[in-house]
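Q: I have the model open and would like to go through some of its local features with you. Could we take them one topic at a time?

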Amino acid sequence: MANDLKHTLSLPKTDFPMRGDLPKREPLRLAQWEKLSLYTAIQQKRTAENAPAFVLHDGPPFTNGDVHIGTALNKSLKDITLRYKSLRGFRTPYVPGWDCHGLPIEQKVTKELQAAGTILPTAELRSRCDVFAEGWIKKQTASFKRLGVQADWAREYKTKAPAFEADILRTFAAFVEQGLVYRSKKPVYWSIPFETALAEAEIEYAEHTSIAIWVKFLVPAAEAQTFGLPGDKPLSIVIWTTTPWTIPANIAIAVHPETDYVVADLGTERILVAKALLPSIADTLKLPATPEVVHTLAGAALEKLAARHPFINRASPVVLADYVTTDSGTGCVHTAPGHGAEDYLTGLKYQLPIYCPVGDDGRYLDDGQVPADLVGITCLETVEDLATKKPSPANLAVLKKLAAPDPVTGHVALLAKAKYVHSYPHCWRSKTPIIFRAVDQWFVSLDKAGHRAKALAAIQGVTWFPAWGQSRITGAVESRPDWCISRQRSWGVPIIAFYDARKVAYLDAGVVRAVAAKIAAHPAGTNLWYELSAAELLSGIELPAGWPAPAELVCGRDTLDVWIDSGSSHAAVLRNGQGGTSWPADLYLEGSDQHRGWFQSSLWTGVIAQGGAPYKAVLTHGFIVGEDGKKISKSGSYEKPPTSDNFINDYGADVIRLWLASQDFTQDITLSKKILDNAAEQYRGFRNALRYQLSILHDFECDKHALPHAQLDVLDRWALHQAARFLADATAAYDAYEFHRVVSLCAHFVATTLSSVYNDVCKDRLYTYAVNHTQRRSTQTAVHAIHGILVRVLAPILTFTADEAWCHARFKADFAPDGAPTPCVHLADWPVAAPDWRDDALATDFAELLKVRAKVNEELEPMRQAGKLGKSLDAAVTLTVSSADPLAAVLQRHAEFLPELFIVSQVSVQVGDNPALELNAQPCADLGYVRCPRCWRWVPALQSTPHGDVCPRCAEAFVP
């Protein structure tokens with residue numbers, strides 16, 4: 001009999017698998033999307049609807065390795081954004097891009113060639129780099145697709161493509177045309193291992209232990225007498241520096257004109273330092289007391305005083321500079337115009353030589369000025385040196401010279417030395433300290449024609465997510481020096497400049513554009529520059545007046561900073577409408593380090609060449625970090641590489657996407673196995689929620705069984721009210737790019753509204769009522785609508801699982817049959833809650849009812865613990881409430897519904913005098929009730945049926 005009764009129940013039923021088995025099942029869905037040409041189908045649908053466009057312009061990753069989990073974060077956020085915007089009715093053209101030139105790729109190819117003992121001409125080396133980059137483009141494309149990223153892969157952009165290279169040069173030509181490009185010898189960031197200048201964005205700051213030295217520059221007695229300084233003892237100006245290796249490049253000593261300086265007596269000699277710093281210098285020298293001051297004067301009075309270089313036969317004159325402070329050191333600043341930005345400007349002011357005795361390889365040059373025992377010694381601190389805190393060979397060699405007595409005078413220049421720990425710029429690739437080195441380079445003047453002011457004004461018109469992004473890029477733009485755009489590399493877009501026999505440079509915007517046209521038409525693009533002579537390149541091009549004949553010119557070998565490559569992408573892609581895009585982009589979305597990188601380079605190229613910012617809004621995210629808070633890098637030591645594919649193989653793409661979306665990505669995101677396991681558990685919660693909804697809709701056909709909203713049961717109307725609120729909140733969170741809040745809202749809705757209340761209460765009516773009972777169809781109507789909302793709200797994040805659930809809901813299968821309408825959730829529209837779903841009065845009632853429900857559960861739990869009750873259905877509850885209490889009206893209004901809400905068999909509502917709610921629960925058996933063997937509810941009497949004795953409601957379910 002019990003078995004017969006079980007078969008009379010409408011139990012949940014679905015083929016939607018309980019286990020996601022994502023690593024195996026997601027690729028099958030990817031194949032289905034390929035079959036559907038999903039990206040094209042989405043765009044065609046919105047185009048046919050004349051939908052407005054939302055253009056997210058892709059910042060190109062370097063094509064030099066596997067997709068890192070940090071890159072997966074970036075691409076996931078972009079895909080989530082675009083899938084949401086598409087569901088909201090936007091046309092979302094997304095053209096993926098690849099950054100193909102530059103140091104990282106050339107470095108790897110060069111290492112491979114060196115290992116093989118192969119030396120290639122520049123053009124062939126570049127061809128190898130092209131092949132290398134192309135191989136990684138294919139690999140990365142597969143990884144991005146596996147992550148679930150939908151994009152216009154057929155129209156992807158590559159910075160190495162001839163047409164793109166030509167557009168880079170046209171952007172450069174706009175700089176040239178406005179007179180912004182100039183060549184100058186001034187200090188730039190220099191990477192010794194790679195022998196090239198670096199962009200500001202290629203610099204990382206790290207803690208560094210330097211050697212701080214206090215060095216005496218002897219003042220000749222006659223010179224001291226000329227300036228009224230005491231000359232009866234040897235007198236030295238003391239400088240302080242943390243870069244001993246730059247001492248051979250010293251040209252001057254800077255003092256502040258308004259600072260007081262003193263001559264202090266050390267006994268056998270005297271020193272000249274800032275008055276305010278004399279006590280700290282005495283501490284450094286471990287003197288018993290502050291030395292006696294024998295003379296005081298303002299810094300301005302020292303101008304042009306000629307001290308002597310410690311070990312090179314030349315003067316080191318005193319110059320004036322406002323940047324000199326008395327915060328540390330001696331107040332007398334070692335000045336090497338070839339090795340520092342401020343020193344360089346001072347050098348220009350005083351017409352000092354911009355002297356740099358260090359070659360491209362970081363070694364001292366044999367230039368007739370550098371002492372013979374220093375020539376060939378390197379300034380490089382290797383990674384191994386950094387680990388052991390060993391100074392560079394040049395630092396040690398200079399220290400040795402400064403500590404040695406002068407063979408004639410016996411003067412020792414080194415006064416003191418100490419370790420100094422500070423933040424210092426390092427090359428982002430070699431991880432070694434950079435040097436500042438003056439070398440002839442091409443620069444873009446950022447202040448000329450008011451372009452800096454224009455860039456700052458453009459920033460104000462952009463929406464920044466989070467808001468602090470505006471102040472960060474503003475600070476970066478305000479403080480940025482002129483842009484050094486030349487690199488001493490082979491794999492890049494060449495600067496179209498020509499040189500005559502005297503190495504005079506010739507650069508013209510018209511010539512650049514003409515050569516760009518030839519490059520665009522050449523299959524190998526800018527390789528043309530390395531394959532042809534200047535005369536061949538300039539054939540057919542009209543040269544400006546004053547240029548030498550083409551035969552007298554040679555092609556320059558500097559390449560453009562790769563930030564111009566990627567920074568020109570808006571011109572090469574958006575301006576050309578590639579893939580249906582348009583200029584400016586609605587959104588740029590990259591890591592927070594791009595305020596100094598792509599956001600800024602794109603801004604400068606946009607403002608200078610296009611007249612405005614290339615983006616309307618900019619969103620930034622943090623980095624993936626380990627449990628120790630340190631950034632997870634490609635080069636770190638891990639159990640297995642932190643690549644996107646590795647994590648997807650373990651968990652599936654949807655779990656990784658869910659984890660990434662659930663974090664506040666404006667901050668750094670911590671990665672650990674425990675965190676990913678928690679994400680997998682949360683994923684199972686969402687999957688189970690979708691599966692349960694599908695299982696109770698197995699016999700529901702919307703067109704046939706759905707009820708009008710006015711006919712829905714009160715519980716179902718409340719659930720739809722909650723769903724409408726959830727949808728509105730989730731939509732607002734998506735609009736604000738607060739994906740973590742979307743996940744939180746979904747989790748709360750599933751766990752609290754659905755699992756804890758709605759699903760719990762509905763089970764009885766869904767399982768035991770007659771199949772077509774109004775209340776059962778009412779609940780299925782609501783569940784169908786709620787499922788349609790939940791699956792689409794989750795779709796941008798759980799892109800595979802939501803589509804799987806969509807197909808099971810509509811087609812009762814894993815995939816839609818051929819020709820089916822809306823065969824994929826990503827071709828659907830964003831859900832809309834009908835206006836009559838919102839019922840604030842009902843929601844207010846339910847808020848009170850759910851409080852009472854909680855109290856009922858509190859009352860029943862001790863009875864269960866004591867064995868007086870089995871299930872809550874074994875109880876009958878009496879509620880006594882004061883007539884003056886507003887709760888009385890609520891309880892009476894919903895009296896018939898209360899047993900179902902509380903999941904008990906009987907509820908009686910009585911009016912009493914006690915102002916507080918009184919609650920009494922009793923076992924139904926004690927009240928003479930009998931339990932229905934089918935639904936387990938207790939009733940006054942059972943009714944005879946062919947299936948046995950059951951309660952009247954179950955008897956009704958047997959009626960055909």
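Q: What span should helix α27 have, and how far apart are its end C-alpha atoms?
A: At 1.5 Å a residue, the 21 residues of α27 (residues 774-794) should span 30 Å, and its end C-alpha atoms are 30 Å apart, which agrees. The expected span here is 1.5 Å times one less than the number of residues, and helices (H or I, at least four residues) and strands (E, at least two) are DSSP runs numbered from the N terminus.

Q: Before we go on, what should I keep in mind about the numbering and the model?
A: This is a predicted model, in which local features need pLDDT of at least 70 and side-chain atom pairs count only at pLDDT 80 or more, while totals for chains, interfaces and linings use all residues. Residues are numbered from 1 along each chain as its sequence is written, and side-chain values use heavy atoms, with hydrogens and water left out.

Q: Back to α27, then: how many of its residues are buried?
A: Helix α27 is mostly covered, with 18 of its 21 residues buried. Buried means under 20% relative accessible area, exposed means over 50%, and partly exposed lies in between, using a 1.4 Å probe and protein chains only.

Q: What does Val 793 touch?
A: Not counting residues up to four places away in sequence, Val 793 touches Phe 726, Leu 727, Ala 730, Tyr 734, Val 742, Cys 746 and Trp 830, where contact means heavy atoms within 4.5 Å.

Q: And which residues touch the most other members of the largest nonpolar core?
A: Of the 139 residues in that core, Trp 659, Tyr 758 and Val 793 touch the most other members. The largest share of this core, 14 residues, comes from helix α26 (residues 739-768). Apart from it lies another core, of 77 residues, among them Leu 302, Phe 311, Ile 312 and Tyr 350. A nonpolar core is a set of buried Ala, Val, Leu, Ile, Met, Phe, Trp, Tyr and Cys residues joined through side-chain atoms within 4.5 Å.

Q: Trp 659 is in α22, so how many residues of that helix are buried?
A: Nine of the 10 residues of α22 (residues 653-662) are buried, so this helix is largely enclosed by the rest of the structure. The buried residues include Asp 654 and Arg 657 as well as Trp 659.

Q: Which residues of α30 are buried, and why do they line one face?
A: In α30 (residues 886-893), the buried residues are Leu 887, Ala 888, Val 890 and Leu 891. Seen down the helix axis, they fall within an arc of 165°, so they line one face of α30; the arc is that of the directions from the helix axis to the C-beta atoms. The face turned away from that buried side carries the exposed residues Pro 886 and Arg 893.

Q: What covers the buried residues, and what caps the N-terminal end of α30?
A: The cover includes α29 (840-865), β28 (875-882), α31 (898-902) and β29 (906-912). Asp 885 is the cap, with a side-chain oxygen 2.9 Å from the backbone nitrogen of Leu 887.

Q: Switching topic, is Trp 190 buried or exposed?
A: Trp 190, which is found in strand β4 (residues 181-191), is buried, with a relative accessible area of 0%. A polar atom of its side chain lies 2.9 Å from the backbone oxygen of Asp 360. The C-alpha atoms of Trp 190 and Arg 437 are separated by 6.2 Å, although these residues are 247 apart along the chain.

Q: How many disulfides does a search of the whole structure find?
A: The search finds zero disulfides, a disulfide being a pair of cysteine sulfur atoms within 2.5 Å. For Cys 807, the closest cysteine sulfur is that of Cys 824, 6.7 Å away and too far for a bond. For Cys 484, the closest is in Cys 356, at 13 Å, again too far for a bond. Both count as buried, Cys 807 at 1% relative accessibility and Cys 484 at 10%.

Terms used:
A polar contact is a pair of N or O atoms within 3.5 Å; within protein, one must be able to donate a hydrogen and the other to accept it, and residues adjacent in sequence count only if both atoms are side-chain atoms.
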